[in-house]
Amino acid sequence: MRKTFFLPPIFSFAALAAALAFAGCGSGSSQSESKMTSYSGTESKADTAALFSVPQDQMVHIQVVAVEKAKLPRLLRLTGNATYNAFKTTPVFSPIGGPVHEILVAPGQTVNAGQPLLTVNSPDYSAARSAYIKARQASALADKIYTRSEDLFTHGAIAEADLQQAESSRNQAQADMQSSEDALRALGLKDPEAVVKNPPKMTSQIPVIAPVGGEVVERLVGPGQLLMAGATQIFTISDMSTVWVLVNVYQGDMAYVHAGDSVDITTDSYPDVFHGKISYIAPALDPATRTLQARIVTNNPGKKLKKDMYVTATVQAGAIRDALTVPDAAVLRDTENQPFVYAQTKVSNQFERRLVKIGNSQAGRTQIIDGLNEGERVVGDGALFLQFRNSLQH
């Protein structure tokens with residue numbers, strides 16, 4: 001069902017004073033006085049008259065207005081929750097196996113791409129590093145031998161077969177070095193030469209670096225935990241400048257919700273209004289809730305919207321033409337929270353209490369979906385005065 005907001009009636013102190021005065025004139029009994037001070041907390045449907053009259057001299061305290069048709073903006077209020085923007089969120093998996101040595105970042109911290117997140121004691125890294133250093137040195141030596149052999153062959157000092165052997169040795173050494181470089185890159189080292197230029201204090205320790213920049217929103221491992229290469233997720237990094245809001249659209253509202261619609265998002269946590277747009281609407285309903293999920297992308301200034309935070313999304317979904325409306329002040333609620341109005345009968349000072357079904361409220365007027373017809377007259381300002389009057393007359 002659609003969530004609706006209602007406004008309590010607003011009345012003046014003069015109207016309240018008039019109600020008290022009328023009660024004093026109508027009955028001097030202590031029972032009536034007791035009703036006047038306690039009706040609002042205990043009044044039920046059985047305590048009110050279905051049809052009652054108001055003396056003509058008291059009619060000045062109420063305003064009777066007609067039920068009118070008007071064009072109302074259609075506002076859909078959808079409930080949902082905030083979550084990470086999946087297009088700007090990266091789960092970080094460890095490319096290295098071994099126990100965690102040290103955690104270098106914490107949730108809430110902003111990191112840059114290439115920044116170390118933690119270090120791992122990895123025998124695989126130690127072996128790959130050693131193989132790379134050996135292959136690098138062997139390649140450099142084979143290159144020098146080939147250069148010298150080429151010079152000797154030019155001066156006729158060696159045979160062509162010797163030159164070809166030197167060339168073959170150089171090619172094999174270069175292939176071994178490239179293979180060892182690929183092994184280090186697979187462990188997350190983008191620059192293999194860094195293991196020679198900046199050797200680590202512990203040759204078995206290797207850092208796991210951030211693949212992207214953003215905020216660390218989750219840490220999923222602790223010191224000493226054994227990581228499996230390519231299988232253990234260690235962190236989640238997300239750009240929290242934007243988030244997704246996932247809302248549920250009921251079947252009756254599906255025709256009014258479209259991709260690209262602007263949305264205002266509010267939450268009980270802050271007075272701020274966040275602005276976004278519907279970016280995606282699911283192709284099928286959820287079989288459990290019979291609702292359609294819509295995805296909203298919204299800016300998140302100050303990173304106030306957090307994952308799984310409950311929100312309300314208000315969608316401007318066109319307009320309702322020829323909507324039956326009454327002033328907001330005309331709608332009251334009983335002890336069971338059911339909305340009702342006081343409708344005027346054919347006798348000008350006679351009224352009946354009538355339950356209604358309400359829709360949107362906008363610009364001081366409330367939509368009446370059921371319970372009233374166009375042209376009927378109801379009490380607007382002063383409806384609360386009639387509630388006093390009804391309670392006492394019954």
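Reading strands, helices and aromatic pairs in a predicted model

Me: How many bridges join strand S5 to strand S7?

Reply: Strand S5 (residues 98-103) and strand S7 (residues 116-121) run antiparallel and are joined by three bridges. As a residue-level example, Ile 103 has Leu 118 in S7 as its bridge partner.

Me: Is the crossing of H3 and H4 left-handed or right-handed, and how do the residues of their contact divide?

Reply: The crossing in which H3 passes H4 is left-handed. In the contact of H3 with H4, 16 residues are nonpolar, nine are charged and five are polar.

Me: How many aromatic pairs does the structure hold, and why is the pair of Phe 87 and Trp 244 classed as it is?

Reply: There are two aromatic pairs in the structure. For an edge-to-face pair, the ring planes must be over 60 degrees apart. The rings of Phe 87 and Trp 244 have planes at 90 degrees and centres 5.3 Å apart, so this pair is edge-to-face. The pair also links distant parts of the chain, its residues being 157 residues apart: Phe 87 lies in the loop between strand S3 (68-84) and strand S4 (89-93), whereas Trp 244 lies in strand S12 (residues 242-250).

Me: Are Phe 87 and Trp 244 buried or exposed?

Reply: Exposed means over 50% relative accessible area, and buried means under 20%. Phe 87 has 68% relative accessibility and so counts as exposed. Trp 244 has 10% and so counts as buried.

Me: What is the geometry of the pair formed by Phe 340 and Tyr 342?

Reply: The ring centres of Phe 340 and Tyr 342 are 5.5 Å apart and the planes stand at 85 degrees, so this pair is edge-to-face. Phe 340 is buried, at a relative accessible area of 0%. Tyr 342 is buried as well, at 1%.

Me: Which strands pair with strand S16, including S3, S13 and S21?

Reply: Each pairing can be read from its bridges and then from one residue pair. S3 and S16 (residues 310-327) run antiparallel and are joined by 12 bridges; Leu 76 has Val 315 in S16 as its bridge partner. Strand S13 (residues 262-267) pairs with S16 in the antiparallel sense over four bridges, and the partner of Asp 264 in S16 is Thr 314. S16 also pairs with strand S21 (residues 365-370), in the antiparallel sense over three bridges, with Val 326 opposite Thr 366 in S21.

Me: What do S20 and S21 form?

Reply: They form a hairpin with two residues between the strands, and Ala 363 in the turn has a positive phi of about 55 degrees. Strand S20 (residues 357-362) runs antiparallel to S21, and four bridges join them. Gln 362 stands opposite Arg 365 in S21.

Notes:
Residues are numbered from 1 along each chain as its sequence is written. This is a predicted model: local features need pLDDT of at least 70, side-chain atom pairs count only at pLDDT 80 or more; totals for chains, interfaces and linings use all residues. Side-chain values use heavy atoms; hydrogens and water are left out. Two strands pair if DSSP finds at least two bridges between them. A crossing is left-handed if the near helix is turned anticlockwise from the far one by less than a right angle, and right-handed if clockwise. Ala, Val, Leu, Ile, Met, Phe, Trp, Tyr, Cys and Pro count as nonpolar, Asp, Glu, Lys and Arg as charged, and the others, Gly among them, as polar. Rings of Phe, Tyr and Trp (its six-membered ring) pair if their centres lie within 6.5 Å; planes under 30 degrees apart count as stacked, over 60 as edge-to-face and the rest as tilted. Buried means under 20% relative accessible area, exposed over 50%, partly exposed in between (1.4 Å probe, protein chains only).
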